[in-house]
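Hi,

Here's the structure I promised to pass on. Have a look, and my notes follow below.

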Amino acid sequence: MSAQPFMSVREMRAALDRKQVSSVELTQMYLGRLKTLGHEHNAVAEMTESLAMEQARRADETPAHGMLHGIPFGVKDLLATKGIPTRWGSPGHADQMFDYDSTVVRKLEDAGAVLLAKLEMIELAGGGNYNVANASRMGPCASAWDKKLWAGGSSSGSGAATALGCVGFSIGTETAGSIVCPSAFNGATGFRPTYGRVSRYGAMALCWTLDRIGPICRSADDCAFVLMAIAGPDEHDPTAVREKLNLKVRGPKPRIGLVKETFKESKAEVMEKAYHNLLDTLRKQGYETVEVAYPAMPYDIAINIIVDAEGASAHENFIRSDRFHQLQDVNQVAGFAAAMQTRAVDYLWAMRLRQEALKANAVWEKCDCIITPTFYHKAVPIDVPFDKTFDNMGGDNGPSNLLGWPAMAFPVGFEDGAPISCQVLAPCFREDICFRVTRDFQRVTDFHSRRPPGA
């Protein structure tokens, strides 16, 4: 058996255990694809070839001690890696390097996984409200399915590299959409865990009270294996929760909540059909659906204010430096500069509204999860400013990011040859529900296993 780029984590584990393939062979294959497809799509920030080969040889020489032992991966370039550049997608941080590993990278390497590359991202995770796909040190990252389309952000390279079969899995981060967006635009399965589920030590801070780290994979099954490896408390991160992760199936089929969707207003006929097909598929498996609604609150306005205030604070020294104007997108420069003027009263209003938004948790009295489109249609053009394309995009504009709910985005169909995606939202610490629903759908469909043309 030769190394295959689209093998699942479970399949790679079985092939490695049976000596049908070695970690060195998998690593060499993925490195080759990163050098070709990865670079063609601007998904690569920094190759870690020497380290990867060293780790792969070590994995082949030692007994496996987990599902990820010997399996190659990539990480978003805002996670610190000792002695390897960590540029945060920013031209103004081109020479930045740390002398330690982030907790997530350390945990994956302790599990025997093999680090192939740092993956490209939107500069500073897009905290300045970027408006073009070019807002990245390496230029625009293209969707795995069509180079004329954007790969999404801010975890652009993680989404594209995973879908292209350039890595076994990847790690992304999210403040308000940065895992689910590139997962949707590339046809990947991405998971945003409960706030605090994964330590953020060694990760670039954009928004201390919203930032999260999670896996971007090719299936819910793969996401589960990765999350189990990286979740847990950390003495270096006081926000990392001690609540034990439990992904086992529990109780009857979860009740699915459905919020009102504006398919006709957004002219999203293809997504409307795919969305109802998803629901019909789950209903046939015994799932019940019920209509729900969030309390009417300006959730998105509160998030924007919090990101502005905390992002400006996190990057204050850089914003005040001579390197600030090296950022690719002038909108980022203007956005961060304006964020420095965020009023304390506005930030405190947003935090009070966040407390008030806890009322939205009452929705879980009527349902166990919520399913909504991730976006209403496929990835947007790579060469058109987002303010001319995102007006037609939507999905969940509710309290999920503000309140730290977990969410899993997964492909449910295709529009003009490019993937479209839905997401499952669940209450805090009920990641198992997201995995259960998505896994049941993926067991009887093949959207998640289809490959981009040319990959």
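Which residues in α10 meet which residues in α13? Before I get to that: this is a predicted model, where local features need pLDDT of at least 70, side-chain atom pairs count only at pLDDT 80 or more, and totals for chains, interfaces and linings use all residues. Numbering starts from 1 along each chain as its sequence is written, and side-chain values use heavy atoms, with hydrogens and water left out.

So, the helix pair. From α10, I301, A302, I305, I306, A309 and E310 meet D346, Y347, W349, A350, M351, L353 and R354 of α13 (contact means heavy atoms within 4.5 Å; helices are DSSP runs of H or I, at least four residues, numbered from the N terminus). The residues of that contact divide into 10 nonpolar, no polar and three charged (Ala, Val, Leu, Ile, Met, Phe, Trp, Tyr, Cys and Pro count as nonpolar, Asp, Glu, Lys and Arg as charged, the others, Gly among them, as polar). The axes of α10 (residues 299-314) and α13 (residues 344-356) come within 9 Å and cross at roughly 130 degrees (axes are lines fitted to C-alpha atoms over the stretch in contact, with angles from 0 to 180 degrees between N-to-C directions).

Most residues other than glycine have a negative phi, and most peptide bonds are trans. K19, not a glycine, has a positive phi of about 65 degrees; K19 sits in the loop between α1 (9-17) and α2 (23-40). The peptide bond from G153 to S154 is cis, with omega near 5 degrees.

Cheers

Methods
Helices (H or I, at least four residues) and strands (E, at least two) are DSSP runs, numbered from the N terminus.
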